[in-house]
Amino acid sequence: MRFSSRGNVLILALSQTYQPAERLKVQAMNEFAVFGLAALATLSTGWLHDRFGWAALNFAVTPLLFVALFATIGIGRKIRLMTPAV
């Protein structure tokens, strides 16, 4: 059975965090949240574009892109600090 990397991380987290009786419920809630929000975002983009236009959407997303950029840089630095020098 093959899993994506996201699936591997989720299964690892479920096996270490939740009791066996809770694992399936937590996984179902996670999948519903991930795919439900993806569907909501997909369905709402047409209305947002029609109402506000591309320029407003780009300005609204720009802060989120900077947050993701700085988080990626911070995580990379933390991993490099934790990795022993060879």
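Colleague: Which residues make the nonpolar surface patch?

Modeller: Keep in mind that this is a predicted model. The patch is formed by Phe66, Leu69, Phe70 and Ile73, and it covers about 400 Å².

Colleague: Take Phe70, then. Where does Phe70 lie?

Modeller: Phe70 sits in helix H2, which runs over residues 20-82.

Colleague: And is Phe70 buried or exposed?

Modeller: Phe70 is exposed: its relative accessible area is 55%, and the cut-off for exposed is over 50%.

Colleague: Okay, zooming out. How many helices and strands are in the chain?

Modeller: The chain has two helices and zero strands.

Colleague: What share of the residues is buried?

Modeller: Buried residues account for 6% of the 86 in the chain. As for the surface, the chain exposes about 7800 Å², with carbon and sulfur atoms supplying 71% of that.

Colleague: Back to H2. How far apart are its end C-alpha atoms?

Modeller: Only 32 Å, although H2 has 63 residues. A straight helix would reach 93 Å at 1.5 Å a residue.

Colleague: Where does H2 bend?

Modeller: At Gly53, where H2 bends by about 105 degrees.

Colleague: New topic, aromatics. How many aromatic pairs does the structure hold?

Modeller: Two aromatic pairs. In one, the ring centres of Trp47 and Phe52 are 6.1 Å apart and the planes stand at 90 degrees, so this pair is edge-to-face.

Colleague: How exposed are those two, Trp47 and Phe52?

Modeller: Trp47 is exposed, at 52% relative accessible area, while Phe52 is partly exposed, at 49%.

Colleague: And what about the rings of Phe66 and Phe70, why is that pair called stacked?

Modeller: Their planes are at 25 degrees, with the ring centres 6.4 Å apart, so the pair counts as stacked; the cut-off for stacked is under 30 degrees.

Colleague: How many residues apart are Phe66 and Phe70 in H2?

Modeller: Four residues, about one turn of the helix.

Colleague: Last one: how accessible is Phe66?

Modeller: Phe66 is partly exposed, with a relative accessible area of 46%.

Methods:
Residues are numbered from 1 along each chain as its sequence is written. This is a predicted model: local features need pLDDT of at least 70, side-chain atom pairs count only at pLDDT 80 or more; totals for chains, interfaces and linings use all residues. Side-chain values use heavy atoms; hydrogens and water are left out. Patches are made of residues with over 30% relative accessible area and no salt bridge: like charges are joined within 9 Å, nonpolar side chains (Val, Leu, Ile, Met, Phe, Trp, Tyr) within 5 Å. Accessible areas come from the Shrake-Rupley method with a 1.4 Å probe; for residues, only the protein chains shown count as cover. A salt bridge is a side-chain nitrogen of Lys or Arg within 4 Å of a carboxyl oxygen of Asp or Glu. Buried means under 20% relative accessible area, exposed over 50%, partly exposed in between (1.4 Å probe, protein chains only). The expected span of a helix is 1.5 Å times one less than its number of residues. The bend at a residue is the angle between axes fitted to the seven residues ending there and the seven starting there. Rings of Phe, Tyr and Trp (its six-membered ring) pair if their centres lie within 6.5 Å; planes under 30 degrees apart count as stacked, over 60 as edge-to-face and the rest as tilted.
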